[in-house]
Amino acid sequence: MVGVLSNRVDRLDLAAGDHIYSWRTAYLYAHHGIYIGDAMVIHFTRATGHEIGTGTFLDMFLFSSSPATEEGPPCEKCGHLIKQQGVIMSCLDCFLDGGNPYLFDYAVSPAFFLAKARGGTCTLAASDPADIVIHRAQHLLNSGFGTYSLFKNNCEDFAIYCKTGLLVETAFSVGRSGQLASLTAAFSAVASSPLRFLTTSAGGLVVVTSGMYCVGRYVSDIGVRRDVVKVPVERLVEHWPPRDVAVAPPPQESHQECQGNDVAPQECHGDGDGGCVSESLS
């Protein structure tokens, strides 16, 4: 188990199947992936410079990492893997982008989880064996991981799925990301303004707000949620929202000539209810 104060790990101590991450932009957020050995990482990204896809200035400094950069020569080790977005594989150096590797911790105790006040570093959920984790990551490298979404399907969601095989069933809920769960919990704690009336002191308000934050983080963790289901990676495509299917226009009403054996020819007109009204042509 990684220490409470820091999840930083030495590169030499990384093992295939580890869920690793690297902090970005003044430790505002982290980019996550699965280490598969031989200094290679499989991770999920929107594209360099478009990690969150807001279409705003935020895209200028919130980014993941991709070997297919627009400036400078491609990486000698993974530059041939030209794939700018989706599930990609890159070398450890490109993934870290000048940062340090940190190890995401699994099957932690509730006390340890709450002690790690920063989300996106650990979970109460247990990890599957390393060979299964690597199989999922490599399978998704070829088949994809659906549409990238900062709030429901991001790089941390990808890594957690590879480690646990768990997906969120409810469409209205956020994904498995601990970073987003922390942000949501913090917002909920601050937005719960009626709670300030439970205490008259600044210290009491801090205690109440901190308690709300901890509860929000805990109930949102993938290890205790009840809206998750374990899905084999081979069936993952069945759980993505279906694409819009073009519906063929209804057939136009047509006139049909009806021939009887010994009766005059008749013309059939639609009666508006799907039936046919015969009208003699003679």
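Which residues does Ala125 touch, not counting residues up to four places away in sequence? They are Tyr106, Ala107, Thr164, Asp221, Ile222 and Gly223, where contact means heavy atoms within 4.5 Å.

Before going on, a word on where this comes from. The model is predicted, so local features need pLDDT of at least 70 and side-chain atom pairs count only at pLDDT 80 or more, while totals for chains, interfaces and linings use all residues. Residues are numbered from 1 along each chain as its sequence is written, and side-chain values use heavy atoms, with hydrogens and water left out.

Back to Ala125. Its place is in the loop between helix 2 (110-115) and helix 3; helices (H or I, at least four residues) and strands (E, at least two) are DSSP runs, numbered from the N terminus. Ala125 counts as buried because its relative accessibility is 6%. The cut-offs are under 20% relative accessible area for buried, over 50% for exposed, and partly exposed in between, with a 1.4 Å probe and protein chains only. Ala125 and Lys163 are 38 residues apart in sequence, and their C-alpha atoms are 9.4 Å apart in space.

Asp221 is in the loop between helix 6 (202-220) and strand 7 (228-230), and at 7% relative accessibility Asp221 is buried. The side chain of Asp221 makes a polar contact with the side chain of Thr123, at 2.9 Å. A polar contact is a pair of N or O atoms within 3.5 Å; within protein, one must be able to donate a hydrogen and the other to accept it, and residues adjacent in sequence count only if both atoms are side-chain atoms. A polar atom of the Asp221 side chain also lies 3.0 Å from the backbone nitrogen of Leu124.

How many bridges join strand 3 to strand 4? Six, and the two strands run antiparallel; His43 has Ile88 as its bridge partner in strand 4. Strand 2 is joined to strand 3 by four bridges, and Gly37 is paired with Met40. These two strands form a hairpin with two residues between them, and Asp38 in the turn has a positive phi of about 55 degrees.

In a regular strand the side chains alternate between the two faces of the sheet. From strand 3, Met40, Ile42 and Phe44 point one way, Val41, His43 and Thr45 point the other way, and all are buried.

Last, the cysteines. A search of the whole structure finds zero disulfides, a disulfide being a pair of cysteine sulfur atoms within 2.5 Å. For Cys75, the nearest cysteine sulfur is that of Cys91, 3.7 Å away. Cys75 is partly exposed, with a relative accessible area of 25%. For Cys91, the nearest cysteine sulfur is that of Cys78, 3.6 Å away, and Cys91 is buried at 4% relative accessibility.

How values were computed:
Two strands pair if DSSP finds at least two bridges between them.
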